[in-house]
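This report describes a single protein chain for a reader who has its sequence and structure at hand.

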Amino acid sequence: MPTVLNEKGYRFFFFSNEGNPQEPCHIHVRKNGALAKFWISEKCSLADNIGFTAKELNEISTIINENTKKIKEAWNGFFFE
């Protein structure tokens, strides 16, 4: 489970096995038992949420959008290099 980023108590990561066939670029986020998944493209979009509030999801979205390049580089580096 490669961790890409830790910020404001949130852990941003992806699984080393992301489906067969592999799903498009996305990031999982965990904090205090809550878990969410965001698709990564020009702007992130929520795929799943278990336990985060709307305020937390907005905060997470901001963090992801500020780090999209880093997330994509980590994803591509892990799965394609």
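In this predicted model, N67 is buried, with a relative accessible area of 15%. The residue sits in the loop between helix 1, which covers 54-66, and helix 2, which covers 68-80. Which residues does N67 touch, once those up to four places away in sequence are set aside? N67 touches L5 and E7. Residues 3-7 form strand 1.

**Loops between strands**

Most residues other than glycine have a negative phi. K8 has a positive phi of about 55° although it is not a glycine, and N32 likewise has a positive phi, of about 50°, without being a glycine. K8 lies in the loop between strand 1 (3-7) and strand 2 (10-13). N32 lies in the loop between strand 3 (26-31) and strand 4 (34-39).

Is K8 buried or exposed? K8 is exposed, with a relative accessible area of 52%. N32 also counts as exposed, at 76% relative accessibility. Both are placed in that class because their values are over 50%.

G9 belongs to the loop between strand 1 and strand 2. With a relative accessible area of 55%, G9 is exposed. Leaving aside neighbours within four places in sequence, G9 is in contact with R30 and K31. G9 and R30 are 21 residues apart along the chain, and 8.6 Å separates their C-alpha atoms.

| Residue | Relative accessible area | Class |
|---|---|---|
| K8 | 52% | exposed |
| N32 | 76% | exposed |
| G9 | 55% | exposed |
| C25 | 15% | buried |
| C44 | 14% | buried |

**The cysteines**

How many disulfides are there? The count comes to zero. A disulfide requires a pair of cysteine sulfur atoms within 2.5 Å. The sulfur of C25 is 11 Å from the closest cysteine sulfur, which belongs to C44, and this is too far for a bond. C44 is accordingly in no disulfide, its nearest cysteine sulfur being that of C25. C25 is buried, with a relative accessible area of 15%, and C44 counts as buried at 14%.

**The chain as a whole**

The protein chain contains two helices and five strands. Read from the N terminus, its elements follow the order β-β-β-β-β-α-α. The radius of gyration is 12 Å, close to the 12 Å that the globule rule gives for 81 residues, so the chain is as compact as a globular protein of that length. Along its principal axes, the C-alpha trace spans about 35 × 25 × 20 Å.

Buried residues account for 36% of the 81 residues. The accessible surface of the protein chain is about 4,900 Å², and 49% of this area belongs to carbon and sulfur atoms. Among contacts between residues at least 6 apart in sequence, 33% join residues at least 24 apart.

The chain carries 10 positive and 10 negative charges.

Technical notes: Residues are numbered from 1 along each chain as its sequence is written. This is a predicted model: local features need pLDDT of at least 70, side-chain atom pairs count only at pLDDT 80 or more; totals for chains, interfaces and linings use all residues. Side-chain values use heavy atoms; hydrogens and water are left out. Helices (H or I, at least four residues) and strands (E, at least two) are DSSP runs, numbered from the N terminus. The radius of gyration is taken over C-alpha atoms; the globule rule is 2.2 Å times the number of residues to the power 0.38. Buried means under 20% relative accessible area, exposed over 50%, partly exposed in between (1.4 Å probe, protein chains only). Contact means heavy atoms within 4.5 Å. Accessible areas come from the Shrake-Rupley method with a 1.4 Å probe; for residues, only the protein chains shown count as cover. Lys and Arg count as positive and Asp and Glu as negative; His and the chain ends are not counted. The place of a charge is taken as NZ of Lys, CZ of Arg, CG of Asp or CD of Glu.
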